[in-house]
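Here are my notes after going through the model. Have it open beside you as you read.

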Amino acid sequence: MTDSSVKRLSGCAELMRIIFEFLYPGRAEWKVDDLPWETIQRRHALAASARVCRAWSEHALDVLWGALDNMHPLLRVFSSYEDEPEGVVLRRNITNAEWARFRRYAHCVRDFRWETDMTIPSYVWILLAQRSNGLPLLPNLRTLEARSMRPSDFARLLLLLPQTLCEVAISFSDIYIPPDPSDQAAIILEAIVPSFPHLKKLELVRYFPLAQQLLYPLLQCPKLESLALPRDVPVDLSFLRGLAQMGTLKSLSVAVDLGHSPDELDLTFLQAFRELEELCLAGHDLDLSTMIAAIKPTALRHFGITFNDALASEAIGQALRIIHTHLPLTITKYEIAVVDLRGPDPRMSDILEPALLLTKLTHLSCDLGELVVHLSDYDLTRMARTWSDMRCLKLVSDEPQRRQHFGLAYRPTFRALLEFAQCCPDLHTLYLPCLDVSNLPMMYDIPVLDHPLHNVSFVNLYGTVTSAFAILLDRIFPHFEELDVFASGDTDNLSRLREYVRLMKVANDHRIERYSGRPAPRHKLSAMYMPMFV
């Protein structure tokens with residue numbers, strides 16, 4: 001490439017950006033000891049490119065500093081920074097030259113993922129606040145993700161927030177809930193208000209209590225495309241009417257409370273949500289079925305529903321049948337959750353029977369909490385043959401260890417697992433409430449498959465866990481990296497299973513290295529025993 005070509009290329013910002021994005025090293029990590037060698041090399045290449053000339057520096061630094069997981073990479077700019085075992089230490093005040101360098105790099109950060117970090121003491125944040133003089137520490141931030149926040153995080157997080165935010169996701173920790181969570185939530189929402197002209201995505205979920213009257217300013221966001229509100233803050237018809245008038249939403253996740261049974265004419269405005277691509281609702285069964293019937297969605301790709309009230313299994317099935325008559329067959333991701341279910345324990349097939357019409361499903365999650373659900377080989381086989389494009393299947397329920405008359409017909413066996421492997425070639429995650437390993441087939445009766453499944457989990461395994469189960473599992477799922485067993489007993493057998501799995505994976509790695517001449521990928525194995533009851 002000639003000098004003139006280089007100059008023309010340097011003058012085209014779009015091309016320079018594309019070239020440097022090929023070197024994107026991933027999010028900047030705090031500890032770099034365990035980073036892959038390729039990632040380290042890419043960072044070095046971007047840092048070297050930033051020192052070539054001013055035209056290159058701007059684009060290279062934007063890519064290098066574009067996404068951060070914490071403040072440590074920026075704090076390393078200060079020459080007095082030391083990472084002691086008890087936390088970060090700044091040995092002296094911040095100089096003007098260091099602060100100018102900090103601001104230069106901070107201007108490049110577009111994506112920040114907040115994580116509670118007790119290693120940065122309060123006095124460091126006070127120093128940053130004093131030097132910033134009321135200006136946000138990350139002035140060009142576009143995306144903020146702050147999940148599982150603690151009370152000590154609020155004041156620190158407010159130092160970062162600019163008026164340019166486009167995507168925000170905030171939730172409280174379920175362990176460290178602040179004394180006045182509603183007050184803290186109101187303060188954070190007020191800090192986000194200046195970003196409303198630019199805001200496209202807002203998620204306020206999990207222990208983020210807000211009074212409904214505080215939500216009405218959200219209706220003034222002209223570009224809002226995705227909104228997720230906490231399920232413990234149900235919205236009424238007046239707020240839904242305001243959302244419908246916005247006309248920009250593509251994704252909506254809310255809890256609804258329609259109050260008294262509304263007239264159908266009062267719900268015609270809900271047809272404005274017909275073009276939603278993602279819809280997740282929580283509430284009473286009557287409100288949910290009424291709302292879906294009024295919307296009649298036509299473009300849904302992702303649908304989620306949570307029943308908040310205590311219902312009998314027959315009522316859940318009836319509500320789901322009504323809802324499914326109005327759902328499009330284009331749905332690929334489907335989530336069901338039941339908070340409380342009364343009456344006799346149902347069959348999983350009774351809950352998922354209406355969903356069998358959705359033949360294009362690739363992701364399915366059915367969370368029935370502590371409910372014990374009957375699941376048989378026939379149920380799993382039917383699911384596998386119906387959802388051949390399935391990639392992620394999670395059937396969550398309590399493990400029936402205390403049931404006295406829980407026959408084999410209600411426990412899936414290894415044959416059903418094989419059926420899933422053969423019918424669903426793209427499956428990568430499988431979570432089942434139980435599996436019967438007491439009567440395993442002969443090893444050579446099971447074909448050797450090259451299935452791509454990576455994660456497989458069971459609430460409990462019934463029968464004596466032996467090396468035969470590990471061998472059969474490896475015959476159909478040779479690439480799985482995680483085997484989780486959330487059981488309440490039989491610790492010795494589960495420990496042996498973990499050792500069987502580890503040894504087989506090590507042998508496979510050796511075989512790959514022996515015949516290919518290159519290092520095998522290291523698996524993150526965990527055949528865990530996690531007691532459910534202490």
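1. Confidence first. The protein chain has a mean pLDDT of 79, with 80% of its residues at 70 or more; pLDDT is the predictor's confidence in each residue, from 0 to 100. This is a predicted model, so local features need pLDDT of at least 70 and side-chain atom pairs count only at 80 or more, while totals for chains, interfaces and linings use all residues. Residues are numbered from 1 along each chain as its sequence is written, and side-chain values use heavy atoms, with hydrogens and water left out.

2. Strand β10 (residues 278-283) has the highest confidence, at a mean of 93, and strand β18 (residues 527-529) the lowest, at 35. Helices (H or I, at least four residues) and strands (E, at least two) are DSSP runs, numbered from the N terminus. For residues 400-409, pLDDT is below 50, and the model gives this stretch 18 contacts beyond near neighbours in sequence. Residues 522-534 also stay under 50, with 40 contacts beyond four places in sequence. A contact here means heavy atoms within 4.5 Å.

3. Helix α16. Seven of the 10 residues in α16 (residues 467-476) are buried, that is, under 20% relative accessible area with a 1.4 Å probe on protein chains only. The buried set is F469, A470, L472, L473, D474, R475 and I476. Take a look at D474: its relative accessible area is 16%, and, leaving out residues up to four places away in sequence, D474 touches F480, M504, K505 and N508.

4. Helix α11. This one is mostly covered too, with eight of 11 residues buried over residues 285-295. D285, D287, S289 and M291 are among them. Just after α11, K296 takes a positive phi of about 55°.

5. Cavities. There are two cavities of 30 Å³ or more. On a 1 Å grid over the protein atoms alone, a cavity is a set of points where a 1.4 Å probe fits but cannot get out, and lining residues have an atom within 4 Å of a point. Points are joined across faces, edges and corners, and a volume is the space filled by probe spheres set on them. The largest cavity has about 80 Å³ and 13 lining residues, with W114, E115, D117, I120 and W125 nearest its centre. Strand β4 (111-114) gives the largest share of that lining, three residues. The second largest cavity, about 50 Å³, is lined by S349, L352, E353, L356, D379, R382 and M383.

6. The second largest pocket. A pocket is an open set with protein on both sides within 12 Å along at least five of seven lines. Of its 18 lining residues, V205, A228, L229, R231 and S253 lie nearest the centre. Strands β8 (226-228), β9 (251-255) and β10 each give two or more residues to this lining.

Key. Buried means under 20% relative accessible area, exposed over 50%, partly exposed in between (1.4 Å probe, protein chains only).
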